[in-house]
Amino acid sequence: MQIIKHPKKSEWSRLLKRPAIDSSSLEASVTNILHQVKASGDEALKRFATIYDKVSVAELLVSKEEIDAASSTISSELKDAIALAKKNIETFHAKQVGTVEKVETMPGVVCWRKSVAIEKVGLYIPGGTAPLFSTILMLSIPAKIAGCKEIILCTPPGKDGKINAAILYTAKLVGITKIFKTGGAQAIAAMAYGTESVPQVYKIFGPGNQYVTCAKQLVQKDGVAIDMPAGPSEVCVMADDAANPSFVAADLLSQAEHGVDSQVLLVSNSEAMINDVLIETAKQLEQLPRKEFAAKALENSKAILLHTTTEMIELVNEYAAEHLIISCKDDEVIAEQIINAGSIFLGNYSPESVGDYASGTNHTLPTNGYAKAYSGVSVDSFVKKITYQKLTKEGLQHIGKAVELMAEAEGLEAHANAVKKRIQDIGKRS
Ligand SMILES: NC(=O)c1ccc[n+]([C@@H]2O[C@H](COP(=O)([O-])OP(=O)(O)OC[C@H]3O[C@@H](n4cnc5c(N)ncnc54)[C@H](O)[C@@H]3O)[C@@H](O)[C@H]2O)c1
Ligand SMILES: N[C@H](CO)Cc1c[nH]c[nH+]1
Ligand SMILES: [Zn+2]
């Protein structure tokens, strides 16, 4: 992890760049995958499974027997943990459902807005290097609360051609039975365009590596909606003298272990803290089974020393991290000044991994600086907001003249007529 001391502001944007595969070659290879799935459907999905997942898949749809068999291989402790996470995520997301309020904007003119579930949604569950069954809870719970009718799930097959048992167990627990053995950009293409086996959906959700994220961004051009660009995981830790170096190191490594293209950032106004965290990080890294991934991610990562808390806040807002941990004395005061972050963790006892699994917030979050403009997944992501209005005769009489005048001023006589005709009719009848 590179240490950078007191960088000039003019250097910040270069410093804060995320690691990325060359974007033109990434786009070219993902475009090719999308075209092939569009043209050859299931055959292309099976071919890409052989190429990228190194496995031959005979049947893309996971059978009922495979789903049912998964439960017996999951320990009761893990089942209890999943149940606890499910309950907290349900509790937090249930509160996001708004009420319908009718608003009378002027006498006789009533407007309202209602959330209506997106009918067909596709969930991508990452599984390239780790089977992220927790992502099923994060996506399916808000989808169910919203009332989505058709929920399908795609995830890459393992080397044995099977889907990880915890993924199957969790999917069954939340009531998803259409599970397809396909991953990467090809899975996104399958859900966007449909194949013989995989139904086409209206919106695609879920995190993934750079291939998955690039595919999601490209299928939007064909009219498919996506949640947001949720690519390689990242965490930024803001740490002053009040932080605990061992906790901070553990937090940095928790996101570094996701993949080689993850990035972690330490921002501090204390040189001693940076040095202590880096010593701890090196120690803890040695103990990790996914040391290889984490070590590579740390090469993409930086520890930045700044003079003041104000400067730290400014840099953190410029970075717009997926996750921000504020391990500082005035964590709550600082949090108030953060305007760009996917999810914020305050104080020394709020590790980012509780949000990844079980506190209740959603872990599908914008990466790569997209937190400047996007939010993480919520119940809102699974609905459209339809607006409604109903006018009485009197209401139309009150508002009519303004509409006629505005329509005529735009040169749109037919618009004005739609009002005039009715007002004339009301006049005749009264
Ligand atoms: N932002 C978020 O909310 C969030 C949440 C969870 C996980 N993540 C991220 O999700 C990612 C999961 O990545 P993963 O790789 O383990 O699993 P993944 O399921 O996203 O990707 C695996 C698939 O990538 C495809 N692939 C691999 N190499 C390829 C190549 N050279 N060309 C084309 N396709 C290729 C394969 O088809 C494979 O099935 C990590 O980067 C992790 O940090 C992000
Ligand atoms: N940290 C990931 C989001 O970037 C989510 C996750 C799932 N499992 C573990 N972590
Ligand atoms: Zn994580």
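## Helix packing and ligand shells in a predicted model

Helix 5 (residues 76-94) packs against helix 6 (residues 134-146) at an angle of about 40 degrees, and their axes are 10 Å apart. That makes helix 5 oblique to helix 6; angles under 35 degrees count as roughly parallel, over 145 as roughly antiparallel, 65 to 115 as roughly perpendicular and the rest as oblique. Helix 5 contributes Ala-85, Lys-86, Ile-89, Glu-90, His-93 and Ala-94 to the contact, and helix 6 contributes Ser-134, Leu-137, Met-138, Ile-141, Pro-142 and Ile-145. Residues are in contact if their C-beta atoms, placed from the backbone, lie within 7 Å.

This is a predicted model, in which local features need pLDDT of at least 70 and side-chain atom pairs count only at pLDDT 80 or more, while totals for chains, interfaces and linings use all residues. Residues are numbered from 1 along each chain as its sequence is written, with chains lettered from A and ligands numbered from 1 in the order in which they are written.

Helices are DSSP runs (H or I, at least four residues), numbered from the N terminus. Axes are lines fitted to C-alpha atoms over the stretch in contact, and angles run from 0 to 180 degrees between N-to-C directions.

The axes of helix 8 and helix 9 come within 7 Å and cross at roughly 30 degrees. That makes helix 8 roughly parallel to helix 9. On helix 8 the contact is made by Gly-184, Ala-185, Ile-188, Ala-189 and Ala-192, and on helix 9 by Tyr-211, Val-212, Cys-214, Ala-215, Lys-216 and Val-219.

The table gives residue classes. Ala, Val, Leu, Ile, Met, Phe, Trp, Tyr, Cys and Pro count as nonpolar, Asp, Glu, Lys and Arg as charged, and the others, Gly among them, as polar.

| Contact of helix 5 with helix 6 | eight residues | two residues | two residues |

Of the 32 residues around ligand 1, Gly-128, Gly-183, Gly-184, Pro-207 and Gly-208 come nearest; a residue is near a molecule if its C-beta atom, placed from the backbone, lies within 6 Å of it. Helix 8 (184-193) and helix 9 (210-219) each supply at least two residues of this shell. Ligand 1 lies between domain 1 (23-106 + 117-225) and domain 2 (231-375), because both give residues to its shell. The domain bounds come from an automatic or database domain assignment.

Around ligand 2 stand Leu-132, Ser-134, Thr-135, Ser-233, Gln-255, Glu-322, Asp-356 and His-363. Domain 1 and domain 2 each provide at least three residues of the shell around ligand 2.

Notes. Contact = placed C-beta atoms within 7 Å.
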